Amino acid sequence: MSDLLIENGRLIDPSQGVDRQARLLIRGGLVAAVDPSDAEIPADCQRVDASGCIVAPGLVDLGVELREPGNEEDETIQSGSDAALAGGFTSILCTANTEPVIDSPGAVEFVRQKASRANGVRVHVIGCLSRQREGEQMAELGLLAEAGAVAFSDAPRPIASDALLKRSLDYCRMLNRVIFDIPEIPELAENGVMHEGQVSLTLGLKGLPTEAEDLAVARDVRLAEATSGRLHVGPVSTMGAVDMIRRVKSRKIAVTASVCPHNLCLLDSELRSFDSRFKVHPPLRSRRHVEMLREAVADGTIDAIQSGHRPRSREKKMNDLDLAPFGAATLETTLSAVSKFMIENGILTWPQAIDRLSTAPARIASIAGGSLAVGSLGDVVIIDPNATWQVDASQFRSHCISSPLDGQELSARVTHTIVGGVIRFQA
């Protein structure tokens, strides 16, 4: 494992409150020094000139669908890892909605071995909360945790059973694991295509009402309070969800939340085109919801921004809008979307953005990462904040080429993604 020196860059590390020009030395896969003296730098050290760039902890994503095994036409562990690297991610949490689902130690081990062979990002496994993701009986959470599962969820299915969620929150306190829930009441959201509002009414499309999310969040946070369990709700997309999360956080309840970048920058009016690339979940909402979500990210009510990467093959997304599946490829555009719509508009600073994309997600999932403190993992992203580029989904490394941002001009781009001191991606 070679040594690596990154120099002349703007080092941003929210975990330490660092934002200054500095050199970063990585040795043996770990951060060895910030601003090392010349004597500390090995003579044969590989050097990266980060002039004009931001050097930050590698991004961490709280929920990626890798689709392997079972749906390799949508994505594989290899292609998902490649896409993540291009987007600046060094660690991702993969969801359990594979075929077979990840509800056994063997399934956890399969993903971990395939990820190791992919030689890309660090892939952490989210195990099923319920057996077969059927939402009835609790899975063997203890065995899954022993096998390496870092969290539990039935995502993208919501946890419909109140009793199951309550028992699981109680049980996971002993395992020191967080539960992720996609907040939605299935009966209210059934057959919905897009945000329920004026646009859906005009288009004659069945809507996904905000109440489906609001009521689920209310249930989730109340059970988290009752059990003192660790719960993460998200991605969220409504004003009601934000309001409830803000209230429970004021009472110091251990609930965290996340949002997808497309819910921060696009409106439900995009569906007037009947283009299925805008059919995402949570759905694109109206302007009032988007504005409140942006405020919630800025003030910390929403802790993290996750990509919402739900890849689906071209053939599936070419269906009629009401038949096409929810989903989009977002790993390669998340950072740039945050830069374009949040940083350029003065809603977030770069240190805040890095916190929401790296430091906070690592803390929520209790995994290594999100920091450049001495002794931490040598996982680094180098970003050119002045770059502009036009999204061309046909060039994605992901198997999925459906993107709600296809054709848009975005700002900031990843120049290097470094995992364990090794450059895995270079633009």
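Analyst: Let's start with the sheet and then turn to a pair of helices. Keep in mind that this is a predicted model, where local features need pLDDT of at least 70, side-chain atom pairs count only at pLDDT 80 or more, and totals for chains, interfaces and linings use all residues. Residues are numbered from 1 along each chain as its sequence is written, and side-chain values use heavy atoms, with hydrogens and water left out.

Helices (H or I, at least four residues) and strands (E, at least two) are DSSP runs, numbered from the N terminus. Strands pair if DSSP finds at least two bridges between them.

Eight strands form an open sheet with parallel pairing, in the order 6-7-8-9-10-13-14-15. At its edges sit strand 6 (59-64) and strand 15 (304-305), each pairing on one side only. Inside that order, strand 10 (residues 178-181) pairs with strand 13 (residues 231-233) in the parallel sense over three bridges, and Asp-181 stands opposite Val-233 in strand 13. Helix 7 (residues 210-227) packs on the sheet, touching strand 10, strand 13 and strand 14 (255-259); contact means heavy atoms within 4.5 Å.

Now the helix pair. Helix 12 (residues 334-343) and helix 13 (residues 350-365) pack at about 140 degrees, with axes 11 Å apart. Axes are lines fitted to C-alpha atoms, for helices over the stretch in contact, and angles run from 0 to 180 degrees between N-to-C directions. Thr-334, Leu-335, Val-338, Ser-339 and Ile-343 in helix 12 meet Trp-350, Ala-353 and Leu-357 in helix 13.
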